[in-house]
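User: I would like to know what the terms used for packed helices rest on. Please take me through the structure below.

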Amino acid sequence: MNSEAIVNLLYRVADDELIIAHRHSEWTGLGPILEEDIAFSSIAQDKLGHAQALYAIMHEHFGQPEPDQAAFMRNADAMRCSHFVELPNGEYDFSLVRHFLFDSAEMFRYHAFTDSTLEPLAKLARKVIGEIKYHLYHAQTWMVQLGAQGNDVSHARMQSALNEAWPYALGMFEPGPFEADLINDGVFVGEDAVKGQWMAFVTDVCRDSNLTIPSDVDPVYGGRSGYHTEHLQPLLDEMTEVFRIDPTAEW
Amino acid sequence: MATIISLDPRITRLQLESEKPEHLEPKQELDQLQTYEVFHQQKTGGRHIHVGSLHAPSRELALLLAKEQYGRRGQTTNMWVVNTRDVFAMRAEDADVFATTPEKKYRDVAAYMVRNKVEAFKKEQQAEGTGA
């Protein structure tokens, strides 16, 4: 197996999880209702757990830094997350739409990981797929509720959030430099395969939610090769503020 | 107008006005969402026990939110949600129908001093045994 390809893949997935976890956690204490505040915070903790587990695989098997170092000691240009997860939360409609588009991709991604020839990854995927199933169920139920069963205002807000999110959501599937190796080694089915499953699923849910997917949109790429939006570095500064005071402290 | 500067950067970013509006209109009760009662089952076959209530726009979302509010810690195998409106309950002012007069102690389980009688009987049997 090509370890460089595996490390590249795992950083992409782990960094997405880390950054979306931080964005979700920004709703803690500010959610529109207490119940959603708790749900977003809880999902954020799950995502952080997935990121930690992926950093741990890279540390144990591929000589990468320890999870805390990997998460908190890299600057924006070393991060491999997509632009989609970096965007500020905005209003709750945008956060929900992003949560849905992200977790439906994650569902297919982790489903593919359960069959990976990289055994620690397959084991992790089998362990956390239930959590992801719940995350997606949460997001999908709100999509249908606010898109199809709410009122004109909720529908308009969800449609506008979907329009805004769409090009960035497509950017999640930016292919890495080692797609062929990963596919040939049976580590991962590749971004194109996941994107195809995701597109079919998202199309169904959007139809159930009376929402129209924007057409002829170019994906926003760059995150996977270290080019990021202006939102990422301030997020990292805020997230690592306490850790950087003393990186060797025992927590 | 000045905005709130908080130790929490998220609050500062919201640029909230620091002065309260003069007049705040109170909201109507349940102006947006209904409430649901949540029942939690710990083990398969066990009882579903009422654990609290929550706000939700539909029963589907109530069930999802129930999982977070009441099922994320400790063991859970199943949950029920019931719209609070569908709970048929005794009126609080009718609580006196459950009252009973102190003279009717014989109706309380605690009034049966069976254990004392059993102990006394055992002692008696023992005494007879040793005597024989």
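Analyst: A crossing is left-handed if the near helix is turned anticlockwise from the far one by less than a right angle, and right-handed if clockwise. H5(A) passes H7(A) in a right-handed crossing, whereas H6(A) and H2(B) cross in a left-handed way. This is a predicted model, in which local features need pLDDT of at least 70, side-chain atom pairs count only at pLDDT 80 or more, and totals for chains, interfaces and linings use all residues. Residues are numbered from 1 along each chain as its sequence is written, and chains are lettered from A and ligands numbered from 1 in the order in which they are written.

User: Why are H5(A) and H7(A) called oblique to each other?

Analyst: Helix H5 (residues 92-113) of chain A and helix H7 (residues 152-170) of chain A pack at about 50°, with their axes 9 Å apart. Angles under 35 degrees count as roughly parallel, over 145 as roughly antiparallel, 65 to 115 as roughly perpendicular and the rest as oblique. H5(A) and H7(A) are therefore oblique.

User: What makes residues of H6(A) and H2(B) count as meeting?

Analyst: Two residues are in contact if their C-beta atoms, placed from the backbone, lie within 7 Å. In H6(A), A:Tyr134, A:Tyr137, A:His138, A:Thr141 and A:Gln145 meet B:Glu60, B:Leu61, B:Leu64 and B:Lys67 in H2(B).

User: Which element gives the most to the side of chain B that touches chain A?

Analyst: The contact takes 16 residues from chain B and 13 residues from chain A. H2(B) gives the most to the chain B side, with 7 residues; helices (H or I, at least four residues) and strands (E, at least two) are DSSP runs, numbered from the N terminus.

Conventions: Axes are lines fitted to C-alpha atoms, for helices over the stretch in contact, and angles run from 0 to 180 degrees between N-to-C directions.
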